[in-house]
Amino acid sequence: MGFGDYPAEFNPKIHGPYHPGRFYGKADTPLGEVKLGEFGKWLSRRNYTPQGMVACCSRAYWRWATKYLLARKTSVAPLIHFSAALATAYYFLQYRSHTNHRHAKYH
């Protein structure tokens, strides 16, 4: 699988038209149904390669975009999500200056 190719698991005869937000690999147990003793085995079945992480982020973006951004009648939700992400990022970037203004008792 190279850059810009379909996933190897995708078969147009079985899956129909390609959707970039869908995982075409073998179905696994959802996280909510994993028992505590099986959690280590479940984590070991994840794909932690850089290509797997990029594919996961891409699927997450397309799921978000399909739901909020590419809808027929979109709302202000994408703008609120973007603003909240920027505010959170700005807070963590300025965290060191926030720690200087803590109220503390010196005794």
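## Helix packing, aromatic pairs and cysteines

Tyr-68 has a relative accessible area of 27%, so it is partly exposed. This value, like the others here, comes from a predicted model.

Two packed helices are described by the angle between their axes and the distance between the axes. Helix α3 covers residues 50-69 and helix α4 covers residues 77-93; the angle between them is about 135° and their axes are 9 Å apart. An angle of this size makes α3 and α4 oblique to each other. On the α3 side, Trp-64, Tyr-68 and Leu-69 make the contact, and on the α4 side Ala-77, Pro-78 and His-81 do. Sorted by class, five residues of this contact are nonpolar, one is polar and none is charged.

Helix α3 also holds Ala-60. With 44% relative accessibility, Ala-60 counts as partly exposed. In sequence Ala-60 is 38 residues from Arg-22, yet in space the two C-alpha atoms are 9.0 Å apart.

The next topic is the aromatic rings. The structure has eleven aromatic pairs. In one of them, Phe-10 and Tyr-24, the ring centres are 5.0 Å apart and the planes meet at 65°, so the pair is edge-to-face. This pair joins distant parts of the chain, since its members are 14 residues apart: Phe-10 lies in the segment before α1 (12-15), and Tyr-24 lies in the loop between α1 and α2 (39-44). Phe-10 and Tyr-24 are both buried. They also belong to a cluster, linked by ring pairs, that includes Tyr-6 and Tyr-18.

How many disulfides does the structure hold? It holds zero. A disulfide needs the two sulfur atoms within 2.5 Å. Seen from Cys-57, the closest cysteine sulfur is in Cys-56, again at 5.5 Å and too far for a bond. Cys-56 counts as partly exposed at 39% relative accessibility, while Cys-57, with a relative accessible area of 54%, is exposed.

Terms used:
Residues numbered from 1 in each chain as written. Predicted model: local features only at pLDDT ≥ 70, side-chain atom pairs only at ≥ 80, totals over all residues. Heavy atoms only, no water. Axes fitted to C-alpha atoms, helices over the stretch in contact; angles between N-to-C directions. Helix = DSSP H or I, 4+ residues; strand = E, 2+ residues; numbered from the N terminus. Parallel < 35°, antiparallel > 145°, perpendicular 65-115°, else oblique. Contact = heavy atoms within 4.5 Å. Nonpolar A, V, L, I, M, F, W, Y, C, P; charged D, E, K, R; others polar. Buried < 20%, exposed > 50% of the residue type's maximum accessible area, 1.4 Å probe, protein only. Phe/Tyr/Trp six-rings, centres within 6.5 Å; stacked < 30°, edge-to-face > 60°.
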